[in-house]
Amino acid sequence: MTTETEKFTVNVNKAAMTALRAEADDKGVEASALIQRAIHQFAINTGRMDDATKGMLTAQYDTVDAFVTLAKRLFNEGLFDDNFVLTVFKAAMDSPALKALYERAIGGEANAVKLPGKTPLNMYLGWYIKNAVGAEPKLDANGQPVRCQVRGQPIQTYTLLRRGKL
């Protein structure tokens, strides 16, 4: 979830990958997100990562977990609509603790623009919010996801959603 990443390829036993995919499905994420998180946690646990990066990654994952929990609660309260991603962001910013966690994860103020880690984290948060409630992107006439832009919010662009499989 950081701005600097390194891509690598790894071969995984087929049965192990099947198990990882099943676990990812249960968690409502893609296997790659589950594997990425496990790798980050492993790196943190080695004690060989600098404190700033460790703190940022921890804050990002804590933010993701908190947003997912909030999204599920808001969904269960009947607050789902096309703009659900924005609804979750607004509710998060109404919580001083969650806003502070988000600001720690992005390294600045919630409504600031052009923070290096903000865009990738916001993209992940939108994706996790969508998956947390089993939603799907709302599509236009050409089958492309419909995006919305807002100002004065921590997120400037997000995909509109529609009810999915859940």
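A polar contact is a pair of N or O atoms within 3.5 Å, of which, within protein, one must be able to donate a hydrogen and the other to accept it. In the predicted model described here, the side chain of lysine 118 reaches the backbone oxygen of proline 154 at 3.0 Å. The lysine 118 side chain also reaches the backbone oxygen of alanine 110, at 2.5 Å. Lysine 118 itself is found in helix H6, which comprises residues 118-132.

When residues up to four places away in sequence are left aside, lysine 118 touches Tyr102, Ile106, Glu109, Ala110, Asn111, Ala112, Pro154 and Gln156.

Salt bridges are found elsewhere in the model, and the structure holds 5 of them. One joins aspartate 51 to lysine 54, with the closest N and O atoms 3.8 Å apart. Both residues belong to helix H3 (residues 51-76), where they are separated by 3 residues, about one turn of the helix. Aspartate 51 is classed as exposed because its relative accessibility is 60%, whereas lysine 54, with a relative accessible area of 32%, is partly exposed.

A salt bridge is also formed between the side chains of arginine 73 and glutamate 77, with an N to O distance of 3.0 Å. Arginine 73 has a relative accessible area of 43% and is therefore partly exposed. Glutamate 77 likewise counts as partly exposed, at 45% relative accessibility.

Aspartate 82 and lysine 138 form a further salt bridge, in which the closest N and O atoms lie 2.7 Å apart. Aspartate 82 is located in the loop between H3 and helix H4 (84-93), and lysine 138 in the loop between strand E1 (136-137) and strand E2 (147-149), so the pair ties together parts that are 56 residues apart in sequence. Aspartate 82 is partly exposed, with a relative accessible area of 30%, and lysine 138 is also partly exposed, at 30% relative accessibility.

The surface also carries a nonpolar patch formed by Phe8, Val10, Val12 and Ile39, which together have about 360 Å² of accessible area. Of these residues, isoleucine 39 is placed in helix H2 (residues 31-46). Its relative accessible area of 37% makes isoleucine 39 partly exposed.

Definitions and conventions: Residues numbered from 1 in each chain as written. Predicted model: local features only at pLDDT ≥ 70, side-chain atom pairs only at ≥ 80, totals over all residues. Heavy atoms only, no water. Helix = DSSP H or I, 4+ residues; strand = E, 2+ residues; numbered from the N terminus. Contact = heavy atoms within 4.5 Å. Patch = residues over 30% accessible without salt bridge, like charges linked within 9 Å, V, L, I, M, F, W, Y side chains within 5 Å. Areas by Shrake-Rupley, 256 points an atom, 1.4 Å probe, with all protein chains shown as cover. Salt bridge = Lys/Arg side-chain N within 4 Å of Asp/Glu carboxyl O. Buried < 20%, exposed > 50% of the residue type's maximum accessible area, 1.4 Å probe, protein only.
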